[in-house]
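I opened the notebook to record what I looked up here, taking one topic at a time.

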Amino acid sequence: MNRGMGLQINSWFERYMFMLIPLSLVLGVLCDQILLPYVIFVPWLFGFVTFVMGLGCGVKDITQAFQRPAVLLTVLVSSHLIAPAIAYSIGAILFGPTSPISIGMVLFTIIPLGVSSVLWVDISRGAVGLMLALVVIDSLLSPVLVPSMLLLLYGESVPIHTWGMLKDLLLILVLPIVVGVIIHNRTKGQAKPVLAPVLLPLSKVAFVGVVILNAAAIGPYVRQLNVGSLVVILVIVILVAGCYVIGYMSGKLFRKERIVMCTTLGFATGMRNVSLGLVLAMQYFGPDTAVVVVLSILIQQPAATLFYTILQKLNMIRTSQTEPTSVP
């Protein structure tokens, strides 16, 4: 593939990803009978996506995030403690604590930070390097965080296949990232720039493939959504928006770099690795829970656009007050 063409294709994917993901969901649901035989390839496609992500991050980048323990701890508490507690409370009150809807809401808040948050932090002039390191670290911790939070919230009231989930997270998330990071270090960071024209567009295609195939797997259940489902949709909108607010407010703890941290932590807490959530929901909790994750996917990207617009207005006000905007 021509280098320039490959990078242009990748740029096109990044520019229109907010449209491609919802369209992929619709296509997967409409063509479920054709696509169902290919659902078995989802773990491989997802593993490739995470490998490419790891290829862009070295051990030095990760250790830099550990050098800012306050930021790392804030992200972990906001994303995987406060947000799940709120999701569990809302779900328990409205739908019952062990309903598939409640489990789907909780699952959305405990899955790792989303890779696409790096893109949004970049265009919002946040701390891109820090955001990438947070995504990688959070993903590496997910085999412990995800089962632990599920056990903490549900105990024995919901069957949780801890070891199976741990194994899957290690194979499709942790191992590809570790391999990518090792290659990054061995090549002194040159592997990804050299292979970018091929790997980057292919990773976007693989990401879209994960969404399409998982949507196909739950197609019959999505078509059963009716007017009564509007309440569920509204609750998920509030939950996703609430995650952005939690992240934004936690960024205010860092007064000397408030704009950058509010931006970075807002996207970090608000955007999750929903394709992984879809894989886990289908594998361990069933289609009804996966439908909640699908709705979260549909809402997450428009919410990111709205959050970006709000940040633009707020940052213009704060810039006029000469507040510092860089992360040391």
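I began with Glu257, which is buried at a relative accessible area of 6%, where buried means under 20%, exposed over 50% and partly exposed in between, with a 1.4 Å probe and protein chains only. I note that this is a predicted model, in which local features need pLDDT of at least 70 and side-chain atom pairs count only at pLDDT 80 or more, while totals for chains, interfaces and linings use all residues. Residues are numbered from 1 along each chain as its sequence is written, and side-chain values use heavy atoms, with hydrogens and water left out.

**Salt bridge.** I then looked up the partner of Glu257 and found a salt bridge with Arg68, with 2.3 Å between the closest N and O atoms; the term requires a side-chain nitrogen of Lys or Arg within 4 Å of a carboxyl oxygen of Asp or Glu. Glu257 sits in the loop between helix H12 (230–251) and helix H13 (258–270), and Arg68 in the loop between helix H4 (59–66) and H5, so the pair ties together parts 189 residues apart in sequence; helices here are DSSP runs of H or I with at least four residues, numbered from the N terminus. Arg68, for its part, is partly exposed at 21% relative accessible area, and I found that the structure holds one salt bridge.

**Largest pocket.** I next turned to the largest pocket, which has about 620 Å³ of space, the volume being the space filled by probe spheres set on grid points joined across faces, edges and corners. A pocket is an open set of points on a 1 Å grid over the protein atoms alone, where a 1.4 Å probe fits, with protein on both sides within 12 Å along at least five of seven lines, and lining residues have an atom within 4 Å of a point. I recorded 28 lining residues, with Val115, Ser116, Val118, Leu119 and Lys204 nearest the centre. Helix H10 gives the largest share of the lining, five residues, and the helices that each supply at least two include H1 (3–30), H10 (191–217) and H14 (274–285).

**Ala281.** I also checked Ala281, which is in helix H14 and is buried, with a relative accessible area of 0%.

**Ile82.** Lastly I looked up Ile82, which has its place in helix H5 and counts as partly exposed at 38% relative accessibility.
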